[in-house]
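Subject: Structure handover

Hello,

Please find the structure below. My notes on it follow.

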Amino acid sequence: MIEVLAKLGRGPVFLAGEVLECMITFTNPLSASSTSASSEMLAWASAQIHCQFHASENRVALPPSDGSKHDVQAENETVFVPNRGERGQCILSTPPKILFCDLRLDPGESKSYSYCETLPIDGPPSFRGQSVKYVYKLTIGCQRVNSPIKLLRVPFRVLVLHGLKDYQFPQDEAVAPSNPFLEEEEGLKKDSRLADLATELLMVATSRRSLHLYNISNTRGKVGSFCIFKTVYKIGEDVIGTFNFSEGDIPCLQFSVSLQTEESIQEEYQRRRGQPVSFSTHARHQEACLHTAQSSFSLPIPLSSTPGFTTNIVSLKWRLHFEFVTSGESAGTCLVRGSQSEAVTWTGVEQMEVDTFSWDLPIKVLPTNPILASYVSQFSSTNSITI
């Protein structure tokens, strides 16, 4: 028996273009004093990253895949296919890397191997929507002699920041003498520069503030105004806005604000022409506001949510969805006098005419620091199997 343990050093969330590093440990858990202790042998082990795409057959019409392969890993097969048995299509993969050949482990002995790979910068982000899914995994395959291949899958999350792919790092260090013994250090240095650049780009994009003022009106007149100071956010931030109903001619009885994503399939891949867009609500604020001069809301963007993106099959956009309930009567008729005595009690009317209308405000949501997103990730940094 051999235990295989894979651990992602920095956590399970990465930016596209970063280097993923995983420490893979093979252990013979039996101690030398055990009566059944014996040396264990593995013929080989390899590792590879792949992105699996899955689409809902009811919503997405995909062309026939030419990569139809076996769904099950044949017991006598020695070919390492990391997505064997997975649903959907493998749309992206890195070259496989051999960890070792002919490994012998004595009782109680362990050996560790470091796997490093740069995540493709032009791939899609991790996404689990109503119509499509993009799932990234690091798969480690190993095999005993005359035994079936065993696969250890390590799921992780990828965030995509547009603009990193086109950025060219300064070539100041190109004239310096190269040292072949420092290749790994240089790779880590470039990875660090990529993370610093992403942080800087996100800071610049989301720190700009300017007043955006919108009048809220229906067919009968002005209801109020809405103010927001920015429309570009990172996941994990709060969307804050304020209402002013004091200038309105039409009384507003109630309002609600929903933070939503809009998932739409590109026209050429739609199962039915003109099929509706899918919406998901991530946060919602509702408030009764009759006789309220001003109000505000704060909606958190979940760290686990996917920033907006577009591929050749699907696009994801963010928006604020507003719904207003206004009175069909003047503000003074919304209350009635309960008695004619000196102690006057005012109560709300039992029935009244109302009008409802809605409004959508597009916003832009970008990724955040992957280390921050790792704290709330559903994925574990450590995965293991026994073979």
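Which order do the strands take in the open sheet of four strands? The order is E11-E12-E14-E17, and the pairing is antiparallel. Strands (E, at least two residues) are DSSP runs numbered from the N terminus, and two strands pair if DSSP finds at least two bridges between them. Strand E11 (212-218) and strand E17 (294-300) are the edge strands, each pairing on one side only. From one strand to the next the twist averages 25 degrees; axes are lines fitted to C-alpha atoms, and angles run from 0 to 180 degrees between N-to-C directions. Seven bridges join E11 to strand E12 (residues 221-228) in the antiparallel sense. Ile 216 stands opposite Gly 224 in E12.

Before the rest, a note on the source: this is a predicted model, in which local features need pLDDT of at least 70 and side-chain atom pairs count only at pLDDT 80 or more, while totals for chains, interfaces and linings use all residues. Residues are numbered from 1 along each chain as its sequence is written, and side-chain values use heavy atoms, with hydrogens and water left out.

Cysteines. A disulfide is taken as a pair of cysteine sulfur atoms within 2.5 Å, and by this rule the count is zero. Cys 252 is in no disulfide, with the nearest cysteine sulfur, that of Cys 289, 3.5 Å away. Cys 51 is buried, at a relative accessible area of 0%, and Cys 252 is buried at 5%. Buried means under 20% relative accessible area (1.4 Å probe, protein chains only).

Thr 326. This residue is found in strand E19 (residues 314-327) and is buried, with a relative accessible area of 0%. Leaving aside neighbours within four places in sequence, Thr 326 has contacts (heavy atoms within 4.5 Å) that include Asn 218, Cys 252 and Phe 357.

Core. A nonpolar core is a set of buried Ala, Val, Leu, Ile, Met, Phe, Trp, Tyr and Cys residues joined through side-chain atoms within 4.5 Å. The largest one has 84 residues, and Leu 20, Phe 26, Val 132, Phe 156, Phe 243 and Leu 320 have the most contacts inside it. Strand E4 (residues 40-55) gives the largest share of this core, seven residues. Leaving aside neighbours within four places in sequence, Leu 320 is in contact with residues including Ile 228, Phe 297 and Trp 359.

Regards

Note on methods:
Buried < 20%, exposed > 50% of the residue type's maximum accessible area, 1.4 Å probe, protein only.
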